[in-house]
Amino acid sequence: MQNEITNALSRAAASRAAGDIDAAWNALQRAHVISQPALLPHLVVHRAMLSLAVAQRDGKEVSGQLLRLALAPVGHMLGRTPWGNPGRSNVSKFARAPLPDDVARLYAQAGVEVK
């Protein structure tokens, strides 16, 4: 799964550099869903989301990402991951969403059990 996360983060960085902010956010959201089973990659993705929000001067998104960076470790410790959540501030940090089929396959291959 780490390769998929790295690829999505690379696509986000390339899109951001090209000025395609929507594509950057889409890639970051994909990276977020893939990274949810592991705390460190999950935090790395939220840090990238925070960086993009700061660059856009989006105060609501900056606040949302700071809160998610603080809450992610607690959620991991308590086993309260909102699977499929895209990680943006325009979606409740507690809301679950359906996993894309390819991500569900990645999880299954990695032995991740979605509860």
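This report walks through the overall form of one chain and then a few of its residues.

The model is a predicted one, in which local features need pLDDT of at least 70 and side-chain atom pairs count only at pLDDT 80 or more, while totals for chains, interfaces and linings use all residues. Residues are numbered from 1 along each chain as its sequence is written, and side-chain values use heavy atoms, with hydrogens and water left out.

**The chain as a whole**

The chain has 5 helices and 0 strands, and from the N terminus on its elements run α-α-α-α-α. Here helices (H or I, at least four residues) and strands (E, at least two) are DSSP runs, numbered from the N terminus.

How does the radius of gyration of the chain stand against that of a compact globule? For 115 residues such a globule would have a value near 13 Å, and the chain agrees because its own value is 13 Å. This radius is taken over C-alpha atoms, and the globule rule is 2.2 Å times the number of residues to the power 0.38. Along the principal axes, the C-alpha atoms fill a box of roughly 35 × 25 × 20 Å.

Of the 115 residues, 37% are buried. Buried means under 20% relative accessible area, exposed over 50%, and partly exposed in between (1.4 Å probe, protein chains only). Among contacts (heavy atoms within 4.5 Å) with a separation of 6 or more, 57% join residues 24 or more positions apart.

**An aromatic pair and its neighbour**

The structure holds 1 aromatic pair. W83 and Y107 form this pair, which is edge-to-face, with 5.5 Å centre to centre and 70° between the planes. It links distant parts of the chain: W83 sits in the loop between helix 4 and helix 5 (101–110), and Y107 in helix 5, 24 residues apart. Rings of Phe, Tyr and Trp (its six-membered ring) pair if their centres lie within 6.5 Å; planes under 30 degrees apart count as stacked, over 60 as edge-to-face and the rest as tilted.

Are W83 and Y107 buried or exposed? Both W83 and Y107 are buried. V112, in the segment after helix 5, touches both of these residues as well as M1 and P37, not counting residues up to four places away in sequence.

L39 lies in helix 3, and P73 has its place in helix 4 (residues 59–78). Which residues does L39 contact, leaving aside its neighbours within four places in sequence? They are A72, P73 and H76. The C-alpha atoms of L39 and P73 are separated by 6.6 Å, although the two residues are 34 residues apart along the chain. By contrast, the C-alpha atoms of P73 and L99, 26 residues apart along the chain, are separated by 21 Å.

R57 is found in the loop between helix 3 (39–56) and helix 4. R57 is not a glycine, yet it has a positive phi of about 55°.

| Residue | Relative accessibility | Class |
|---|---|---|
| P73 | 25% | partly exposed |
| L39 | 31% | partly exposed |
| V112 | 21% | partly exposed |
| R57 | 76% | exposed |
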